[in-house]
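Visitor: I'd like a close look at a single part of this one. Could you take me through it slowly?

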Amino acid sequence: MSNATIQVKPWSHDQGEYVIINEVDFDPDFHELLDGKAKKPAASNDTVDKAALEVLAMATDPSVQFLSFKSAAAKLLGDKTPSKKDEIVAALEELATNP
């Protein structure tokens, strides 16, 4: 297990300019990375698998618009996100099977 730490923005006025936390404790729903000071920790393979499968399910959901699907896929695929739906699906399938 990594002992790496990251800097996040404080969530209380008495914490100073930033708070140092263990990288494994980073919760994107609660913490906000300090700009330019650290990168978001890499997700575990299980997390990537589950997220990729959830986004893949969006591809066949008629209530989900393409731009919403593409945006969710881009969070997993990053700059390598294809522009066409079938290519995005293929990239997500690859990510889900070979994270």
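Visitor: Which residues of the largest nonpolar core touch the most other members?

Guide: Happy to. A word on ground rules: this is a predicted model, where local features need pLDDT of at least 70 and side-chain atom pairs count only at pLDDT 80 or more, while totals for chains, interfaces and linings use all residues. Residues are numbered from 1 along each chain as its sequence is written, and side-chain values use heavy atoms, with hydrogens and water left out.

Now the core. Of its 13 residues, the ones that touch the most other members are Val 55, Phe 69, Ala 73, Leu 77, Ile 88, Val 89 and Leu 92. By nonpolar core I mean a set of buried Ala, Val, Leu, Ile, Met, Phe, Trp, Tyr and Cys residues joined through side-chain atoms within 4.5 Å; buried is under 20% relative accessible area, exposed over 50%, and partly exposed in between, with a 1.4 Å probe and protein chains only. Two or more residues each come from helix 1 (45-59), helix 2 (66-77) and helix 3 (85-97). Helix 3 gives the largest share, five residues. Helices here are DSSP runs of H or I, at least four residues, and strands are runs of E, at least two, numbered from the N terminus.

So let's stay with helix 3. Its 13 residues should span 18 Å at 1.5 Å a residue, and its end C-alpha atoms are 18 Å apart, which agrees; the expected span is 1.5 Å times one less than the number of residues. Buried along this helix are Ile 88, Val 89, Leu 92, Leu 95 and Ala 96.

Setting aside neighbours within four places in sequence, Val 89 is in contact (heavy atoms within 4.5 Å) with Leu 56, Ala 59 and Phe 69. There's also a second, separate core of six residues, including Val 8, Val 19, Ile 21 and Phe 26.

To place all this in the chain, the pattern along the sequence is β-β-α-α-α, and buried residues make up 26% of the 99 residues.
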